[in-house]
Amino acid sequence: MRRVNSLHEGPATGRVFDALVSTGDNTDNHEHVERDWYLTLLSGGTIIPNTSAGDRWESVQTFGDPLFYNPESSRTDMYKRAGFPRVDHYFRRVMGPVSSPGVKIPWYAVLRRTVMRSTIGVVGGRSTRLPTSIFPRWPVSSSLLTITTAP
């Protein structure tokens, strides 16, 4: 967010930005906590990116499965052979608080769902249809987007 806030105009036109639009794939939208973290970072605030035990990281990365990269593991696996580094105390460090100043211009976050439909639900109790004239190349019959706007 700090980088976005440091940009004052577009590089090609020099025009001041009207808004930031995030088009998705920033979270697993079925995980409400990830969505809430993302929206908190856009709005401004602090998150602690850990949903399990507070004293350790619990994920596929730490279960010993060689298909997943574990930066703390000393085992030589396909990731280490490909040049991925070993990083001591990685998981402890990534569980620390992350603070964001929030985006200082209006922002719109598109949160996509697995099953797509043709409506847009706007958080805040309003709901509207996606005008096909805005995105004529999109298959409107197969697009469900939830757009969350800045408070």
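Modeller: Contact means heavy atoms within 4.5 Å. Keep that in mind, and keep in mind that this is a predicted model.

Biologist: Which elements does the protein hold, and in what order do they run from the N terminus?

Modeller: They run α-β-α-β-α-α-β-β-β-β-β. That makes four helices and seven strands.

Biologist: What share of the contacts with a separation of 6 or more comes from residues 24 or more positions apart?

Modeller: The share is 61%.

Biologist: Let us take one residue. Where does Trp 37 lie?

Modeller: Trp 37 lies in helix α2, residues 32-43.

Biologist: Which residues is Trp 37 in contact with, leaving aside its neighbours within four places in sequence?

Modeller: Trp 37 is in contact with Ile 47, Ile 48, Pro 49, Asn 50 and Thr 51. Take Pro 49 from that list. Trp 37 and Pro 49 are twelve residues apart in sequence, and their C-alpha atoms are 7.7 Å apart in space.

Biologist: Now pockets. How does one find empty space?

Modeller: Rolling a probe the size of a water molecule over the atoms shows where empty space is left. In this model, the second largest pocket holds about 230 Å³ of space.

Biologist: Which residues that line the second largest pocket are the closest to its centre?

Modeller: Val 33, Glu 34, Trp 37, Thr 51 and Trp 57 are the closest, out of twelve lining residues.

Biologist: Tyr 38 comes next in the chain. Is Tyr 38 buried or exposed?

Modeller: Buried means under 20% relative accessible area. Tyr 38 has 12%, so Tyr 38 is buried. Across the protein, buried residues make up 28% of the 151 residues.

Biologist: What does Tyr 38 touch, not counting residues up to four places away in sequence?

Modeller: Tyr 38 is found in helix α2. Its partners are Ser 22, Asn 26, Thr 27, Ala 109 and Leu 111. Thr 27 is eleven residues away along the chain, with 7.3 Å between the C-alpha atoms.

Biologist: And Gly 44? Where is its place?

Modeller: Gly 44 sits in the loop between α2 and β2. Its relative accessibility is 33%, so Gly 44 counts as partly exposed. Gly 44 touches Ser 100, Pro 101 and Gly 102, not counting residues up to four places away in sequence.

Biologist: How does one describe two aromatic rings?

Modeller: A pair of aromatic rings is described by the distance of the centres and the angle of the planes. The structure holds four aromatic pairs. One of them is Tyr 69 with Phe 84: 4.9 Å centre to centre, 70 degrees between the planes, edge-to-face. This pair links distant parts of the chain. Tyr 69 is in the loop between β2 and α3, and Phe 84 is in the loop between α3 and α4.

Biologist: Is Tyr 69 buried or exposed?

Modeller: Tyr 69 has a relative accessible area of 17%, so Tyr 69 is buried. Phe 84, at 39%, counts as partly exposed. Tyr 90 and Phe 91 form an edge-to-face pair too, at 5.2 Å centre to centre and 80 degrees between the planes. Here Tyr 90 is partly exposed at 30%, whereas Phe 91 is buried at 4%.

Biologist: Which residues form one aromatic cluster?

Modeller: Tyr 69, Tyr 79 and Phe 84 do.

Biologist: Let us look at a loop residue. Which residues is Ser 73 in contact with, leaving aside its neighbours within four places in sequence?

Modeller: Lys 80 and Arg 86. Ser 73 lies in the loop between β2 (45-47) and α3 (78-81). With a relative accessible area of 15%, Ser 73 is buried. A polar atom of its side chain lies 3.0 Å from the backbone nitrogen of Arg 75.

Biologist: Last, backbone angles. What is the general rule for phi?

Modeller: Most residues other than glycine have a negative phi. His 89 has a positive phi of about 60 degrees, although it is not a glycine. Its place is in the loop between α3 and α4 (90-94). His 89 is partly exposed, with a relative accessible area of 47%.

Key:
Residues numbered from 1 in each chain as written. Heavy atoms only, no water. Helix = DSSP H or I, 4+ residues; strand = E, 2+ residues; numbered from the N terminus. 1 Å grid on protein atoms, 1.4 Å probe; cavity = no way out; pocket = protein on both sides within 12 Å on 5 of 7 lines; lining within 4 Å. Points joined across faces, edges and corners; volume = space filled by probe spheres on them. Buried < 20%, exposed > 50% of the residue type's maximum accessible area, 1.4 Å probe, protein only. Polar contact = N/O pair within 3.5 Å; in protein donor to acceptor, adjacent residues only side chain to side chain. Phe/Tyr/Trp six-rings, centres within 6.5 Å; stacked < 30°, edge-to-face > 60°.
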